Amino acid sequence: YSVVYCVLFTSTAARNLVTCLLEGHNFSCVMADLPTDMAHKIVAWGYQHIEDKDLFVDRDGSKGRETEIHVTCFYGLLDSSPTEELMKVFETTKPFEIRLGNASLFEQDDYDVVKLDVVSPELHDLHRRIGMAAPNYETHPIFKPHLTIGYVKRGCGDHMVGHNPFEHLTKFGMDTSAEDGRILIEHAVFSSHSGGKSVIKLGSRLQSAHDTTPRAKASVKAT
């Protein structure tokens, strides 16, 4: 059976949860965007191996190919903007590395999700700390970090399982930190359920502890 974790800290959080559940609103989330060149490489790999006729697209036009390449750090946040407690998590988290692995599938009733598995102990720790710091409604108690390539009709992504966009590079001895799927994550992106995104630099408090130059406590840029 499924276990549902619900962390509530304030009456405001409780009201937000009720609104999200009863009115069908989306939750806020924290993501890690990939560097542009890496994102382009992954999108191109998806186009190379997934034909348009094999895509699964909902009636509302959603799903299909994923063109905004990212890794979700935490989905299910109730607040529309980062709280002070959540900002402390970002400020005290060092930039960390993730490793993109081979493709695998999330098999659903009507479609399959083609994804790259993501390996990073630091990402799991960040997910845990976000869940402790911010009011949330988490319906997936087992965190399985991944990067979505696209949504396809059942069975149309089987040929991609076990492969990745970097394998041909390693075969020719061109294995580098950027080309074998290792990526340094230096910013978190808070995507609000009310619209808008904020880009937050990781580790700003750790940096200031070793630097006497006056600076802002955290770097936040709305997009």
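Over the face of which residue does Lys-63 lie? Lys-63 is placed over the face of Tyr-151, at 5.8 Å from the ring centre. This briefing concerns a predicted model and covers its aromatic contacts. The structure contains four aromatic pairs, and ring pairs join Phe-27, Tyr-75 and Tyr-137 into a cluster.

**Phe-27 and Tyr-75**

- The ring centres of Phe-27 and Tyr-75 are 5.8 Å apart and the planes stand at 90°, so this pair is edge-to-face.
- Phe-27 belongs to the loop between α1 (11-23) and β2 (28-33), whereas Tyr-75 belongs to strand β3 (residues 70-77); the pair therefore ties together parts that are 48 residues apart in sequence.
- Phe-27 has a relative accessible area of 13% and is buried.
- Tyr-75 has a relative accessible area of 42% and is partly exposed.

**Phe-27 and Tyr-137**

- For Phe-27 and Tyr-137, the ring centres are 5.9 Å apart with the planes at 20°, so the pair is stacked.
- Tyr-137 is located in strand β6 (residues 136-138) and Phe-27 in the loop between α1 and β2, so their pairing ties together parts that are 110 residues apart in sequence.
- Phe-27 and Tyr-137 are both buried.

**Lysine over aromatic faces**

- The ring of Tyr-151 has Lys-63 over its face, with 5.8 Å to the ring centre.
- Lys-115 lies over the face of Phe-106, at 4.4 Å from the ring centre.

Conventions:
Residues are numbered from 1 along each chain as its sequence is written. This is a predicted model: local features need pLDDT of at least 70, side-chain atom pairs count only at pLDDT 80 or more; totals for chains, interfaces and linings use all residues. Side-chain values use heavy atoms; hydrogens and water are left out. Rings of Phe, Tyr and Trp (its six-membered ring) pair if their centres lie within 6.5 Å; planes under 30 degrees apart count as stacked, over 60 as edge-to-face and the rest as tilted. Helices (H or I, at least four residues) and strands (E, at least two) are DSSP runs, numbered from the N terminus. Buried means under 20% relative accessible area, exposed over 50%, partly exposed in between (1.4 Å probe, protein chains only). A charge sits over a ring if NZ of Lys or CZ of Arg is within 6 Å of the ring centre and within 35 degrees of the ring normal.
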